[in-house]
Amino acid sequence: MVRPDTIVALATPPGISALAVVRLSGPEAFSMVGRLCPPHPPPQPPPGGPPPGGAGAPPPPHPGPPRVHPHTPRPTLGWAVDPRTGERLDQVMVTAYPAPKSYTGEDVVELSCHGGWLSPQLVVEALLELGGRRAQEGEFTRRAYLNGKLDLLQAEAVLDLIEGRSLALHGRAVHHLERGLSRRLAQVREDLLGLEASLVYHLDFPEEDEPPVPLTEIVAQAKGLEGLLEALAKTAPEGELLREGALVVLAGPPNSGKSSLFNALLGEERAIVTEIPGTTRDALEATVSWGGYPFRLVDTAGLRKSQEVVEQMGIEVAWRYLVRAQAVLLCVEGGVDPEPFLRELRERSGEARLILVRTKRDLWEAGSVPSHGEGPADTGGLPMVPISAHTGEGLAELREILLGLVFGEIRAVAPEFPVLTRRRQAEGVQRALEDLRAFRRALEEGVPPEAATAHLRSAETALEELLGVIPREEVLDRLFRQFCIGK
Amino acid sequence: MRRRYEVVVIGGGHAGVEAAAAAARLGCSTLLVTPDLSRLGQLSCNPAVGGVAKGIVAREVDALGGIMGVATDASRLHFRMLNRSKGPAVWGPRAQCDRGLYPRAVRKALEALPNLDFFQGMASGLRLEKGEGFEVEVRGGVSFEARSLVVATGTFLRGKIHVGAEDGIPAGRAGEPPAVELAEALQAWGLEMGRFKTGTPPRVDGRTVDFGKLAVQPGDPEDFRFSHYARVELPDQRPCWVTWAGEALKKLVAENLHRSALYGGAISGRGPRYCPSIEDKIVRFPDVPRHQVFLEPEGLETEELYVNGLSTSLPADVQQAFLRTLPGLEECRMTKAGYAIEYDYFPPHQLHPTLEVKLIPGLFFAGQINGTTGYEEAAGQGVVAGVNAALRVQGRPPWVLGREQAYIGVLIDDLVTKGVDEPYRLFTSRAEFRLLLRQDNALQRLGPMAEELGLLTRAQTEVLRERVSTLEGVRRWFQGTTFTPPQVNPLLEQAGGQPIQEPARAMELLKRPGVRAEALARIGEAPFPPGQAGDALVAVEVEVKYRGYVERELERVQTLREQAGFSLEPDLPYRDFRTLSFEAREKLARVRPMNLAQAARIPGVSPADLQNLLMEVRRWRRQRLVGAGTSGKQEEG
């Protein structure tokens with residue numbers, strides 16, 4: 001029989017800190033901690049005594065707190081001791097969570113020791129010595145999922161919480177961890193089962209008192225559920241941006257003030273600014289958060305025909321960013337015709353949304369407007385912002401426009417409505433949506449229900465895979481709850 | 001009287017008779033032991049065979065050379081094709097049968113089998129023989145030896161009948177003693193047991209019913225046969241009648257609920273939700289104003305009627321009183337009280353898909369003993385158990401029906417994979433290949449298999465060949481026949497569609513909703529052999545009308561077969577497979593699936609678990625190769 005293992009890991013980052021937490025999970029967690037923190041730890045060799053491993057000095061009176069109680073929920077203080085040498089490693093606070101009421105569903109112990117480079121590492125190594133195995137990345141959460149403590153979406157939320165760098169993602173992850181997304185998808189799946197039960201009633205019980213649910217009603221209900229899934233699916237492109245940040249590229253002719261704007265938006269001097277056109281050769285990237293939403297700002301080389309090799313390479317780099325960008329700030333000085341640049345960007349930069357930024361507002365004459373840009377008509381309906389990196393004029397407006405353009409969908413979504421933050425979620429919801437549409441269309445086109453339910457079942461499967469739920473005989477359960485059946 | 005048989009079958013209900021017939025057909029010396037030989041294939045509850053899904057099973061049993069189809073044809077009093085208004089994939093043929101004619105037809109069919117013997121008596125003891133086989137003791141000091149044993153005892157194991165809340169009466173069926181020693185003998189072998197209940201409604205004297213107040217439900221006039229191979233003479237049809245139970249009955253039941261065995265606490269076993277007692281209906285759906293009640297003829301030569309819809313465990317006086325609240329039954333006299341019956345069953349995860357008991361090689365279970373209900377479900381299991389009991393004696397490889405091959409396959413796979421928590425009945429919704437498993441193609445699906453096993457007589461094989469060539473002929477006719485507008489337009493307009501302007505191919509016209517293959521064949525004066533083309537016409541219509549969806553199912557069959565190709569050793573250490581969820585490990589260890597496809601169907605095993613299972617099994621096999629000799633026992637699956 002393979003011995004089930006107990007995993008150990010440092011749960012906090014290594015380095016200087018007041019506290020560090022070492023976590024264990026598995027059947028041996030309690031006994032290992034019992035041996036790590038013996039009730040009567042051997043005495044500490046005197047300071048300046050023989051190095052570790054060479055104990056031999058006379059034992060001083062035993063001072064430490066006597067006992068660790070892994071089974072009491074109350075945290076207990078103890079001494080962690082090196083199992084080989086008997087040397088004390090650190091004073092630790094032991095908190096035990098017996099299975100199944102723990103994060104992983106197994107026996108879990110958390111040891112709070114002193115932070116820093118050594119204590120936590122020594123405690124971990126002592127536990128490995130006692131038979132623990134170093135946990136792989138994410139293994140605690142994986143065990144929690146395998147033991148049914150979290151569903152898949154919650155497990156992903158844990159990852160989003162740990163890795164997320166924006167307040168917006170954090171908020172959504174907390175919501176998902178509370179089963180906000182799981183509940184909603186589970187409800188849709190439940191409703192799909194209800195639809196299937198109605199059809200099954202029609203097929204399997206043709207002689208009952210209650211007439212079958214009319215197909216028109218089933219079609220109407222399917223449409224309602226499609227709407228729900230569509231609303232969820234619509235949050236996906238922006239939701240995924242919450243993790244990495246939306247890519248916003250500053251582009252335009254050389255010396256149009258891109259780097260100044262870049263610095264102004266960041267609030268620090270990151271890019272070198274000179275009056276010499278073509279100063280920026282490479283692309284510069286920085287991450288900012290506005291209103292809790294993450295952006296990756298990229299300053300690029302000015303777009304022009306250049307003979308110079310380094311500048312040419314810089315321009316190529318710029319284009320590589322431009323084709324992937326969520327938004328492009330086309331920076332053009334007041335008075336310069338943006339049309340040629342607009343045309344090229346529209347042709348080459350894919351899905352990105354364009355904002356026309358009229359730079360160097362402080363240099364224009366008071367009250368004047370740039371000759372190209374008298375109104376929205378002139379820019380073809382593009383948002384246009386006059387700004388001055390120097391005075392800060394227009395910066396707030398620009399940020400607001402960017403937020404609206406890139407995160408408009410999810411900012412408009414009510415906080416209690418879930419947002420899909422991962423590709424897996426987006427694909428699952430999309431699959432369910434397409435199957436549900438196929439089901440509804442099949443019914444509308446007169447495909448017999450016994451055949452059309454094939455689509456319904458695929459939609460259910462897509463949601464089950466998203467949730468990590470295992471189907472049981474739920475259709476029949478629904479059926480017997482819904483209808484009085486049987487002779 | 002012989003003492004030694006290759007196969008002994010205990011029980012003469014629908015499972016027992018099919019098991020005995022199948023074993024005998026495969027050439028085994030077979031004995032059927034039952035307490036009453038005059039009740040072989042007794043219709044102990046509703047005298048009806050078939051229905052949605054169940055009708056398909058009845059035809060599958062017939063395609064496999066079984067008894068049920070012929071006996072139904074020979075005794076049917078009333079026939080309907082349920083779901084006729086829906087697609088042909090879910091049509092369900094159902095017949096009300098003459099309760100007396102059916103067992104007679106069964107006995108006649110069984111007595112025609114050369115290898116089959118009968119003995120009337122109550123099996124009372126079982127012993128494992130040293131080496132191989134069983135000794136079956138029958139009350140009265142007789143015993144038989146069997147190499148394979150099929151137990152198909154229905155509701156008889158420690159059966160107990162309840163009418164009212166008093167202590168129940170030990171009985172296997174009304175008026176018949178239960179099998180207690182047999183239950184004890186099986187339990188002594190270490191098998192896990194459970195307890196279920198089911199019920200039956202009262203019967204009334206038709207001479208006391210005012211039919212003028214009832215809605216009549218005549219049978220469908222068509223010449224439908226359950227049997228593919230035999231064409232017996234059909235009795236004349238008699239109508240069924242419909243009435244309803246309203247407020248007065250609801251009130252009576254509610255007032256007397258405490259006197260019912262179900263609600264008075266006398267019954268502990270779990271009953272089927274789809275076959276609820278009238279007590280259940282009224283308690284669970286108090287707002288439903290009325291419940292349909294069907295009055296069904298019990299036989300050609302009796303006026304007794306079966307009151308379908310009023311299954312109950314209330315005392316007889318309450319039953320008589322509530323019957324008189326039904327329109328048309330105000331003056332009725334009850335002839336038999338309804339009752340509930342509790343009985344032992346053996347949770348079927350203890351079985352292989354051959355229906356052999358995992359713990360006891362050579363012992364097979366079929367029918368209600370496995371936690372199912374229904375004649376058809378029992379009969380289907382009987383065939384599988386009987387065939388495998390015989391194959392085992394003959395040293396031939398076991399025979400397992402897949403979910404994509406038959407409803408019987410769905411049934412048995414559900415039983416052994418998922419277990420049961422209420423008496424199990426088939427529904428079309430239990431089958432994932434609903435469009436492939438139809439009543440019209442049962443012979444195409446299972447006939448060749450039956451022939452290969454040796455279940456068919458030479459004459460039956462002939463019929464099989466004819467039917468296959470008929471289907472090809474029908475297909476060719478639809479591809480090659482063209483209709484002119486005047487020929488076909490009246491039919492199209494009748495079906496609610498647009499008339500045609502140019503001549504059109506029959507195959508094209510058949511695509512239209514509401515246009516039936518049978519109607520096109522009629523107006524096109526197709527030259528098919530009479531009485532043989534019915535199934536083929538439906539099959540061709542299905543191929544056309546469900547195009548795309550049938551292919552979709554076939555693709556999924558392919559995936560299933562691929563998964564089924566990855567077999568799982570019977571001794572896998574599932575509990576050590578730590579990359580699987582806790583629940584999956586427990587369930588896999590309990591079921592011990594034969595292959596990956598079966599593992600996938602175990603409730604609690606997720607797609608992620610399956611992927612990890614694949615990896616764990618590969619790792620386990622590598623380790624076993626490396627450390628050969630250190631691994632545990634290897635059981636024979």
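1. On conventions, residues are numbered from 1 along each chain as its sequence is written, while chains are lettered from A and ligands numbered from 1 in the order in which they are written. Because the model is predicted, local features need pLDDT of at least 70 and side-chain atom pairs count only at pLDDT 80 or more, whereas totals for chains, interfaces and linings use all residues, and side-chain values use heavy atoms, with hydrogens and water left out.

2. In chain B, helix H2 (residues 54-63) packs with helix H9 (residues 375-393) at an angle of about 30°, and their axes are 9 Å apart. Helices here are DSSP runs of H or I with at least four residues, and strands are runs of E with at least two, numbered from the N terminus; axes are lines fitted to C-alpha atoms, for helices over the stretch in contact, and angles run from 0 to 180 degrees between N-to-C directions. H2(B) and H9(B) are therefore roughly parallel to each other (angles under 35 degrees count as roughly parallel, over 145 as roughly antiparallel, 65 to 115 as roughly perpendicular and the rest as oblique).

3. The residues of H2(B) that make this contact (heavy atoms within 4.5 Å) are B:Lys54, B:Val57, B:Ala58 and B:Val61, and those of H9(B) are B:Glu376, B:Glu377, B:Ala379, B:Gly380 and B:Val383.

4. Over all chains, the structure holds 18 aromatic pairs (rings of Phe, Tyr and Trp, the last by its six-membered ring, pair if their centres lie within 6.5 Å; planes under 30 degrees apart count as stacked, over 60 as edge-to-face and the rest as tilted). One of them is the tilted pair of A:Trp290 and A:Phe295, with 4.9 Å centre to centre and 40° between the planes. A:Phe295 and A:Phe407 have ring centres 5.5 Å apart and planes at 80°, so this pair is edge-to-face.

5. Because A:Phe295 lies in strand S9 (residues 293-299) of chain A and A:Phe407 in helix H12 (residues 395-412) of chain A, their pair ties together parts that are 112 residues apart in sequence. Both A:Phe295 and A:Phe407 are buried (buried means under 20% relative accessible area, exposed over 50%, partly exposed in between, with a 1.4 Å probe and protein chains only). A:Trp290, A:Tyr293, A:Phe295 and A:Phe407 form one aromatic cluster.

6. A:Leu177, in helix H5 (residues 167-177) of chain A, counts as partly exposed at 30% relative accessibility. Apart from its neighbours within four places in sequence, A:Leu177 is in contact with A:Gln154, A:Ala157, A:Val158 and A:Leu161.
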